[in-house]
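Subject: Structure handover

Hello,

Here is the structure I promised to pass on. Please open it first, then read my notes below.

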Amino acid sequence: MNQSMQKYLDKAEVLIEALPYIQRFNRKIIVVKYGGSAMVDEQLKEQVIQDVTLLKLVGFKPIIVHGGGKEISKWVEKAGMEPEFVNGLRVTDEATMELAEMVLGKVNKGLVQLVESLGVRAIGISGKDGALLKVEKKYADGADIGFVGEVKHVNADILFDLLEKDFLPIVCPVGMDEEFCTYNINADDAACAIARAVHAEKLAFLTDIEGVYKDPKDPSTLISELRVSEGKALMEEGYIGGGMLPKLQNCIDAIENGVSRVHILDGRIPHCLLLEIFTNKGIGTAMLNDSEEKFYHGE
């Protein structure tokens with residue numbers, strides 16, 4: 001068999017490997033939290049949108065929830081303001097909130113434009129639209145961090161309607177409280193709340209880390225699949241710290257509230273979403289319920 005024919009057979013093998021995953025998740029909702037470096041690098045941005053568009057075209061029902069922290073920080077500095085963080089959360093005063101909403105709106109419509117250019121209908125919405133995301137003021141260990149909101153209610157009917165009409169919803173993480181004041185929402189929190197509300201089959205976090213490690217200093221300890229009980233044990237034993245701690249807690253909350261699987265992926269890897277969802281081993285960490293069977297059983 002010549003080399004050219006083998007190349008095509010290898011491609012066919014990839015499609016065959018993807019088949020059971022396409023069958024299992026056909027017509028199921030998947031929420032993709034899009035953030036980190038993959039939002040800054042134009043080539044990575046295009047590849048992420050290609051991935052999500054492909055998921056849509058093979059029968060998934062994707063919803064994108066995007067961040068924009070790096071872009072917000074850039075514009076805050078351009079405006080001569082100093083970014084301030086408490087426990088990893090941006091302190092958002094009135095001027096910063098106004099700027100953040102403008103920047104997130106720009107990011108949102110840019111993503112809509114990219115999806116539309118690939119032939120899929122997309123609608124960008126803010127959490128304020130139709131009161132999609134109702135929030136209350138969030139505190140960081142008792143500290144006032146300004147207009148930062150914690151999601152208390154998701155009007156999932158809006159998203160179900162858009163999915164039913166074959167749109168790909170792209171959600172900007174801004175919401176309102178009972179007094180109709182505007183609040184910035186951590187994109188991880190927004191994605192988790194939306195995934196719970198729409199009973200998503202999958203929730204994928206695109207981040208700047210490879211996944212969950214047993215030992216963060218040893219790349220060989222990357223955990224491909226992690227049950228909720230195992231994740232809790234890692235946190236209790238002190239293996240998980242820093243920014244991974246709230247992310248893993250979000251994963252556990254999502255699983256315990258009905259999301260079938262949660263994926264933590266390195267968005268800096270081209271087409272990471274497809275590699276994780278459509279291959280047997282994947283490339284990041286998949287978290288699942290204790291009662292669910294693992295797909296990957298080692299080499």
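Strand 13 is mostly covered, with six of its six residues buried. Buried means under 20% relative accessible area, exposed means over 50%, and partly exposed lies in between (1.4 Å probe, protein chains only). Strands (E, at least two residues) and helices (H or I, at least four) are DSSP runs, numbered from the N terminus.

Before going on, note what you are looking at. This is a predicted model, where local features need pLDDT of at least 70 and side-chain atom pairs count only at pLDDT 80 or more, while totals for chains, interfaces and linings use all residues. Residues are numbered from 1 along each chain as its sequence is written, and side-chain values use heavy atoms, with hydrogens and water left out.

Back to strand 13. Both of its faces are covered. Arg261, His263 and Leu265 sit on one side, Val262, Ile264 and Asp266 on the other, and all are buried.

Which strands pair with strand 13? Strand 14 (residues 285-288) does, in the antiparallel sense, over four bridges. Two strands count as paired if DSSP finds at least two bridges between them. In this pairing, Arg261 stands opposite Leu288 of strand 14. Strand 11 also pairs with strand 13 (residues 261-266), in the parallel sense and over six bridges. Here Lys202 stands opposite Arg261, and Leu203 stands opposite Val262.

**Strand 11**

Why is strand 11 (residues 202-207) largely enclosed by the rest of the structure? Six of its six residues are buried, so the rest of the structure largely encloses it. Lys202, Ala204 and Leu206 point one way. Leu203, Phe205 and Thr207 point the other way. All are buried.

Strand 11 also pairs with strand 1 (residues 29-34), in the parallel sense over five bridges. There, Lys33 stands opposite Phe205.

Look at Lys202 next. It lies in strand 11.

What does the side chain of Lys202 make a polar contact with? Its partner is the side chain of His263, at 2.8 Å. A polar contact is a pair of N or O atoms within 3.5 Å; within protein, one must be able to donate a hydrogen and the other to accept it, and residues adjacent in sequence count only if both atoms are side-chain atoms.

Not counting residues up to four places away in sequence, Lys202 touches Phe25, Ile29, Ile30, Val31, Val259, Arg261, His263 and Ile277. Contact means heavy atoms within 4.5 Å.

**Asp188**

Asp188 is found in helix 6 (residues 187-197). Its relative accessible area is 9%, so it is buried. Not counting residues up to four places away in sequence, Asp188 touches Lys33, Phe205, Lys247 and Asn250. Recall that Lys33 and Phe205 stand opposite each other.

**The annotated binding site**

The UniProt annotation "binding site", from an unreviewed entry, covers Gly68, Gly69, Arg90 and Asn184. They are spread over 117 residues of sequence but cluster in space, with a largest C-alpha distance of 11.8 Å. UniProt positions are given in the numbering used here, feature names are shortened, and annotations may be inferred rather than shown by experiment.

Gly68 lies in the loop between strand 2 (61-66) and helix 3 (69-78). It is buried, with a relative accessible area of 10%. Leaving aside neighbours within four places in sequence, Gly68 is in contact with Met39 and Leu104. Gly69 lies in helix 3. At 35% relative accessibility, Gly69 is partly exposed.

**Two positive phi values**

Most residues other than glycine have a negative phi. Ala131 has a positive one, near 50 degrees. It lies in the loop between strand 5 (122-126) and strand 6 (133-140), and is partly exposed at 25% relative accessibility. For His271, phi is positive too, near 60 degrees. His271 is in the loop between strand 13 and helix 9 (272-278). It is partly exposed, at 29%.

Best wishes
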